[in-house]
Structures are given as structure tokens and as C-alpha cells.
There are 2 protein chains.
Amino acid sequence: MPTDTFAVLAEPTRRLILDQLCTSDSSVGDLVDALDVSQPTMSKHLKVLREAGFVSCRVDAQRRIYRVEAPPFERLDEWLEPYRRLWARHLDALERHLDRQDHAHDDSQEQR
Amino acid sequence: MPTDTFAVLAEPTRRLILDQLCTSDSSVGDLVDALDVSQPTMSKHLKVLREAGFVSCRVDAQRRIYRVEAPPFERLDEWLEPYRRLWARHLDALERHLDRQDHAHDDSQEQR
DNA sequence: CAGGCATATACGTGTCTAGGAATATTGACG
DNA sequence: CGTCAATATTCCTAGACACGTATATGCCTG
């Protein structure tokens, strides 16, 4: 995982850009219109996203059509992996909690 | 998803802290020893992580034992969801690529 | 090839933040 | 209550970065 993957995503505008591109490939102008961002700012964000591999672009006459790319997201997914055991812990705790409630319920309804 | 979740993770040291806490709950001093970070810096990072919900701490005499918490990671996992269709696209493209290779192979071996 | 559109880059500026040094807080314990 | 240990907080500074304005590049069309 490149160290700056998260730094790239830390920018709210860049997340909006990715969100938008997730819907459909777009030119720079499209993105400028869709999100309320100046054109130079947009180009700069796109450059950052491009260099981090989040997007690629193809040339269409004077326009550049940007498109979101999978690999950085896959790396993020992998990074998340060791933390998924926390889910399990979470669920275990929930289960134990519900168990306790069940037992309490037993106590109130049945003799032991 | 709080807007600063990614900003919190953008700091390499904080990711190391989470990595360490993923292994075992630790006191501030343990973390200072494990990662090579000054105590004040460690406390500051832990505060950021705490306020973002990534860790919690319990008091043990003069020490605070920190522990990693699931919810922010779960939110991250959910955020990733819309991008998972990119995996599929990826695999589709790979399939088509292999298909083309197969067809090329067919061409060279069979008459159509 | 001139002029215009789409995009990229350069530069200056204000803001945010990580880290170091010093200090404050809190709890344990004689 | 004084002292020590563990942690938190404050203040300061240096670096990074997002944005706006201005300008450059590249490509199309008459």
C-alpha cells in the first residue's frame, strides 16, 4: 500500500470526484459543472488521483475523459482485512449480550 | 462517514499505532517503546484516534490501556461498497481478454 | 495559421498539522 | 502531604497543501 493512499482520500473534494466518476466516466468540464469547483482546482485534484492510480484518463479531442480504477480500492480492501476480526469481536460481544438477556429472561420466566 | 476518517488514517504513525493495537491492547508507554515516537506525540495521536472512534481506553492505575474499536473500520468498509463493482469490471475485462486469447487460439487451430 | 475551447501548470498565499520542548495533571504510595 | 510515574496539554515552529489568479499547452475549425 503506497503510504499516500489515505492522504489522497483525505480530501473531501477528491472523494466527491471519485463518487461522481463511480457513476460515469466524465470529462474535466463535466466534473467542474457537477461539483462546484474551479477548473484549475479540478485539474490538480485529478492529477493527484491519477498519480495515485485512482483514475485514468483517455484523450477525446481536446477533452480528457476520466475514469475510476480498481487497484487502489482493492489495496484499501486488503488493508482493511486484519481489522475485520474486530467485526467478529463485535458480534461476539453482541451475542454474549443477547445471551445474557436471554438468561435474564429465563430467570424471570422459569425456575432453575 | 465523518469527513475526517480518512484524514485520521492519512498519518503513517497513526496507522502503525492501529496496527500495533490490532495485535494487542497497549498502554501509552508500550506504544512509545514499540514504535519509535516521543510520548507527547504518541498522546496526541491517541487523542486524535480516540476522538475519531478508532480506539478507546480504559484506566489501569496511572496507565491508560488503549484498544482498537470496530465502528470506524466498518464505516470504511461500507464506504468501499460502491467501488466494489470495479472489481467485477476488472474481472470481466480479464475474462474478455482470456476469451480473446482463446479465440485467437481457436483461429490458429480450427477453421471457423 | 489564427482564434477559440478544454485542460494543465506556475506562482503566491493562507491554513492546517505534526513534532519538539516544556509544563500540567492524575494516581499511587510512602 | 511530598514525590514519583504515567500520561495529557500547551506553545512554538516548519513543512505541506488547497485554492485563486494568471498563464501555458494542445487540439480543433474556419
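The residues of the surface near DNA strand C divide into six nonpolar, nine polar and five charged, where Ala, Val, Leu, Ile, Met, Phe, Trp, Tyr, Cys and Pro count as nonpolar, Asp, Glu, Lys and Arg as charged, and the others, Gly among them, as polar. The model is predicted, and local features are therefore given only at pLDDT of at least 70 and side-chain atom pairs only at pLDDT 80 or more, while totals for chains, interfaces and linings use all residues. Residues are numbered from 1 along each chain as its sequence is written, and chains are lettered from A and ligands numbered from 1 in the order in which they are written.

**The DNA strands**

A residue is taken as near a strand if its C-beta atom, placed from the backbone, lies within 6 Å of it. By that criterion 20 residues surround DNA strand C, and the closest of them are S27(A), G29(A), P40(A), S43(A) and R63(A). Helix 3 (28–34), helix 4 and strand 3 (63–68) of chain A, together with helix 4 of chain B, each supply at least two residues of this surface; helices (H or I, at least four residues) and strands (E, at least two) are DSSP runs, numbered from the N terminus.

Around DNA strand D there are 22 residues, of which S27(B), G29(B), P40(B), S43(B) and R63(B) come nearest. Two or more residues of the surface near DNA strand D come from each of helix 4 (39–51) of chain A and helix 3 (28–34), helix 4 and strand 3 of chain B. By class, the surface near DNA strand D has eight nonpolar, nine polar and five charged residues.

**Build of chain A**

Chain A holds six helices and three strands, which follow one another along the sequence in the pattern α-α-β-α-α-β-β-α-α. Buried residues (20 or more other C-beta atoms within 10 Å of their own, all placed from the backbone) make up 21% of the 112 residues in chain A. Of the contacts in chain A between residues at least 6 apart in sequence, 47% join residues at least 24 apart, a contact being a pair of residues whose C-beta atoms, placed from the backbone, lie within 7 Å.

The three strands of chain A form an open sheet in the order 1-3-2, with antiparallel pairing. Strand 1 (26–27) and strand 2 (55–60) of chain A stand at its edges with a single partner strand each, so that one side of each is left without a neighbour in the sheet. Strand 2 and strand 3 of chain A pair over six bridges, two strands being paired if DSSP finds at least two bridges between them, and V55(A) stands opposite V68(A) in strand 3 of chain A. Helix 2 of chain A lies across strand 1, strand 2 and strand 3 of chain A, at about 90° to strand 3, with angles running from 0 to 180 degrees between the N-to-C directions of lines fitted to C-alpha atoms, for helices over the stretch in contact.

**The sheet of chain B**

In chain B, strand 1 and strand 3 pair in the antiparallel sense over two bridges, and S27(B) stands opposite I65(B) in strand 3 of chain B. Strand 2 and strand 3 of chain B form a hairpin with two residues between them, where A61(B) in the turn has a positive phi of about 55°. D60(B) stands opposite R63(B), and R58(B) stands opposite I65(B). Helix 4 (residues 39–51) of chain B lies across strand 2 and strand 3 of chain B, running at about 115° to strand 2.

**How the two protein chains meet**

A rotation of 180° with 0.0 Å of shift along its axis superposes chain A on chain B with an RMSD of 0.2 Å; the two copies are thus related as by a two-fold rotation axis. The superposition is by least squares on the C-alpha atoms of residues with pLDDT of at least 70 in both copies. Of the residues of chain A, F6(A) comes closest to the rotation axis, with its C-alpha at 3.0 Å.

In the interface, 20 residues of chain A are in contact with 20 residues of chain B. Helix 1 (5–9), helix 2 (12–23), helix 5 (71–80) and helix 6 (85–109) of chain A each supply at least two residues of the side of chain A that touches chain B, and the largest share, five residues, comes from helix 5 of chain A. That side of chain A has 15 nonpolar, two polar and three charged residues. Since 100% of the interface residues of chain A are also interface residues in chain B, the copies meet through the same surface.

Methods
Contact = placed C-beta atoms within 7 Å. Buried ≥ 20, exposed ≤ 12 C-beta atoms within 10 Å, placed from the backbone.
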